[in-house]
Amino acid sequence: MPTLSVADGTSIHYRVVGEGPRTVVLVHGWMMSGAVWDATVERLDLTGLRLVIPDARGTGQSGKAAGGYTLAQLAQDVLAVVDAVGARRFTVVGHSMGGQIAQWLGAQVPDRVEGLVLLNTVPAAGLPLPPDAAGLFRTSAGDRDKQKTILGLACKTLTPDALEALLKDAAGVSAAAIEGMFDAWTKGGFADQLSKITAPTMVVSTDDPFLPPAFLREAVVKPIRRARMAHIPGPGHYPNAEHPQETAAVLSAFLAGSAPA
């Protein structure tokens, strides 16, 4: 499994799946690592694709850095991975906070991003939580009961095996990452940059209790000029784990419809 060292010395681990000419980067969200994509990747037609799946700093097999958990730094870490695999242009698929990072990349390096899929994305403006929820989320590092409670609030159709896989992944996320990334995604702060996104964009909603379709349409679809929306009925906030077959199908349809010339 390849790793690279970024400017502050943190090691970033990533996987490459497939050998196609089109690079698709899968960016995970808060409290998870790249392993959150496993069930979807297993069901994805890889013809013509090269999937690049990083673990953010503080998660999975990446280094447990003390800091650097800002949206800008996390996006720079993704760019370092993309550069390491030699991809000039790429499509970004981001889930939850990973969708924020995808939007940041689309706005900051629009000449390199050829497509965006924003799955249950946190808006660029951020998503402040009520104090009780914020306290639960921000203090959940290493606490299985708290993380199980969070997943219970967020998800609707997780199987016991899928729940256990997510809890196992969450258990390996450092406290610095839990706290720093929580502060970053709740704050957001770059909604004024969305007009810079030029790539075809698909925003995927579900029956997510935190990010309902009407909210995503207003906060994410409207400000991005080439954005459209798809809906997967049934799952909550983790369709990539709850309904991986449907998630893979929606992703494949977007990739087929937005293939570069």
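**Note on the pocket, the cavities and the aromatic cluster**

1. The largest pocket is lined by 16 residues, and Ala35, Asp38, Ala39, Ala162 and Ala165 lie nearest its centre. On a 1 Å grid over the protein atoms alone, a pocket is an open set of points with protein on both sides within 12 Å along at least five of seven lines, a cavity is a set of points where a 1.4 Å probe fits but cannot get out, and lining residues have an atom within 4 Å of a point. The space in the largest pocket comes to about 290 Å³, a volume being the space filled by probe spheres set on the points, which are joined across faces, edges and corners.

2. The model is predicted: local features need pLDDT of at least 70 and side-chain atom pairs count only at pLDDT 80 or more, whereas totals for chains, interfaces and linings use all residues. Residues are numbered from 1 along each chain as its sequence is written, and side-chain values use heavy atoms, with hydrogens and water left out.

3. Helix 6 gives the most to the lining of the largest pocket, with five residues. That lining divides into nine nonpolar, two polar and five charged residues. Here Ala, Val, Leu, Ile, Met, Phe, Trp, Tyr, Cys and Pro count as nonpolar, Asp, Glu, Lys and Arg as charged, and the others, Gly among them, as polar. Helices (H or I, at least four residues) and strands (E, at least two) are DSSP runs, numbered from the N terminus.

4. Helix 7 (residues 175–187) has 13 residues and reaches 18 Å from its first C-alpha to its last, close to the 18 Å expected; the expected span is 1.5 Å times one less than the number of residues. Its buried residues are Ala177, Ile178, Gly180, Met181, Phe182, Ala184, Trp185 and Thr186, where buried means under 20% relative accessible area, exposed over 50% and partly exposed in between (1.4 Å probe, protein chains only). Helix 2 (71–84), helix 3 (97–108), helix 4 (131–138) and helix 5 (144–154) are among the elements that cover them. Gly188, which follows helix 7, has a positive phi, near 60 degrees.

5. Seven aromatic pairs are counted, a pair being rings of Phe, Tyr and Trp (its six-membered ring) with centres within 6.5 Å; planes under 30 degrees apart are stacked, over 60 edge-to-face and the rest tilted. Phe137 and Phe182 form a tilted pair, 6.2 Å centre to centre with 50 degrees between the planes. Phe137 lies in helix 4 and Phe182 in helix 7, so this pair ties together parts 45 residues apart in sequence. The rings of Phe137 and Phe210 have centres 6.3 Å apart and planes at 85 degrees, so that pair is edge-to-face. Phe137 is buried at 6% relative accessible area, whereas Phe210, at 31%, counts as partly exposed.

6. Trp30, Phe137, Phe182, Trp185 and Phe210 form one aromatic cluster. Trp30 lies in the loop between strand 3 (22–27) and helix 1. Trp30 is buried, with a relative accessible area of 6%. Its contacts (heavy atoms within 4.5 Å), not counting residues up to four places away in sequence, include Phe137, Met181, Phe182 and Trp185.

7. Three cavities of 30 Å³ or more are found in the whole structure. The largest cavity has a volume of about 180 Å³. Of its 17 lining residues, Trp30, Ser96, Phe137, Trp185 and His237 lie nearest its centre. Its lining comprises 13 nonpolar, four polar and no charged residues.

8. The second largest cavity has a volume of about 80 Å³. Its lining includes Asp55, Asp77 and Met181, and helix 2 supplies the largest share, three residues.
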